[in-house]
Amino acid sequence: MKKHLLLLMTFGLLCTCSDDDVTFSETTTMRINHYKNTAIALEPVLTLLVQNGDNIETESWNNFYSTIEGFDYVPGYIYDLSVRIDQFGNPAADDGSFKYTLLEIIAKQEVPAETEFDINLKFNDYVFMTTDSGYQILNQIDIDCNTLCDTLDAQLENQDIVVGTFTRLSTNEIKLIELQ
């Protein structure tokens, strides 16, 4: 009897995790920027910057708080992707309502290392800088603060909003060239 009950429970669990819960599905094109920016979710995070639909090729980039299944992001490239978006009617408590799946990398263009970009380093009470092992953004991206380390420390201490302008040194290291 216990075997039958266990088998029935397992079958029920498998059925609740099926694609039958998908209430809507569409394919879209997304552009992914060559760097990530900081944002605030339940805690401070690094997010992809994306454009989709009519926003592609504009100056408007949006934080993307999810992941794209099958997509391995590498900083330093702008990607154009074909992505399937599935919406779920009854997502699990720790899942979102949408699932993004890579269908195709349409284009991948390397951005010159000297290209400048801005990253939010502090926003009100949220400091995105860590110094556990040198200067880093959320313990993920190494920062060469060059001659601006003391100025950076002072601004993080005394200002509500701190934005840094950077260039790329390598896949996981950026160089601070200006503070705003």
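Guide: Two strands pair if DSSP finds at least two bridges between them. Strands themselves are DSSP runs of E, at least two residues long, while helices are runs of H or I with at least four; both are numbered from the N terminus. This is a predicted model, where local features need pLDDT of at least 70, side-chain atom pairs count only at pLDDT 80 or more, and totals for chains, interfaces and linings use all residues. Residues are numbered from 1 along each chain as its sequence is written, and side-chain values use heavy atoms, with hydrogens and water left out.

Visitor: How many helices and strands does the protein chain come to?

Guide: Two helices and 14 strands.

Visitor: What makes S13 and S14 a pair?

Guide: The bridge count. S13 and S14 (residues 173-179) share six bridges, in the antiparallel sense. The rule asks for at least two, so they pair. Ser170 stands opposite Glu173 in S14. A hairpin links S13 to S14 through two residues.

Visitor: What pairs with strand S8 over six bridges?

Guide: S13. Strand S8 (residues 117-123) runs antiparallel to S13 there. Phe123 faces Ile161 of S13 across the pair. Ile119 stands opposite Gly164 in S13.

Visitor: What makes strand S13 mostly covered?

Guide: Seven of the ten residues in S13 (residues 161-170) are buried. Buried means under 20% relative accessible area, exposed over 50%, partly exposed in between (1.4 Å probe, protein chains only). Across the protein chain of 180 residues, the buried share is 34%.

Visitor: Which strands make up the open sheet, and in what order?

Guide: The order is S9-S8-S13-S14-S12-S11-S10, seven strands with mixed pairing. Strand S9 (126-127) and strand S10 (129-130) each have a single partner strand, so one side of each is left without a neighbour in the sheet.

Visitor: Which residue takes a positive phi in the hairpin of S8 and S9?

Guide: Asn124, with phi near 55 degrees; the hairpin has two residues between the strands.

Visitor: Why is the contact of Arg31 and Asp80 called a salt bridge?

Guide: The rule wants a side-chain nitrogen of Lys or Arg within 4 Å of a carboxyl oxygen of Asp or Glu. The closest N and O atoms of Arg31 and Asp80 are 2.6 Å apart, so the pair qualifies. Arg31 lies in strand S1 (residues 22-32) and Asp80 in strand S6 (residues 77-88), so the bridge ties together parts that are 49 residues apart in sequence. Arg31 and Asp80 are both buried.

Visitor: How many salt bridges does the rule give?

Guide: Three. Another joins Lys99 and Glu69 at 3.4 Å, N to O. Lys99 lies in strand S7 (residues 98-110) and Glu69 in strand S5 (residues 68-69), so this pair connects parts 30 residues apart in sequence. Asp86 and Arg84 also form one, with their closest N and O atoms 3.1 Å apart.

Visitor: Buried or partly exposed: what is Asp86, and what is Arg84?

Guide: Asp86 has 7% relative accessibility and therefore counts as buried. Arg84, at 28%, is partly exposed. Lys99 is partly exposed at 29%, as is Glu69 at 45%.

Visitor: What lines the second largest pocket?

Guide: A pocket is an open set of points on a 1 Å grid over the protein atoms alone, where a 1.4 Å probe fits, with protein on both sides within 12 Å along at least five of seven lines; lining residues have an atom within 4 Å of a point. This pocket holds about 230 Å³ of space. Of its 13 lining residues, the closest to its centre are Lys36, Leu48, Phe64, Ser66 and Thr67. Strand S3 (residues 44-52) gives the largest share, four residues. By class, the lining has nine nonpolar, three polar and one charged residues.

Key
Points joined across faces, edges and corners; volume = space filled by probe spheres on them. Nonpolar A, V, L, I, M, F, W, Y, C, P; charged D, E, K, R; others polar.
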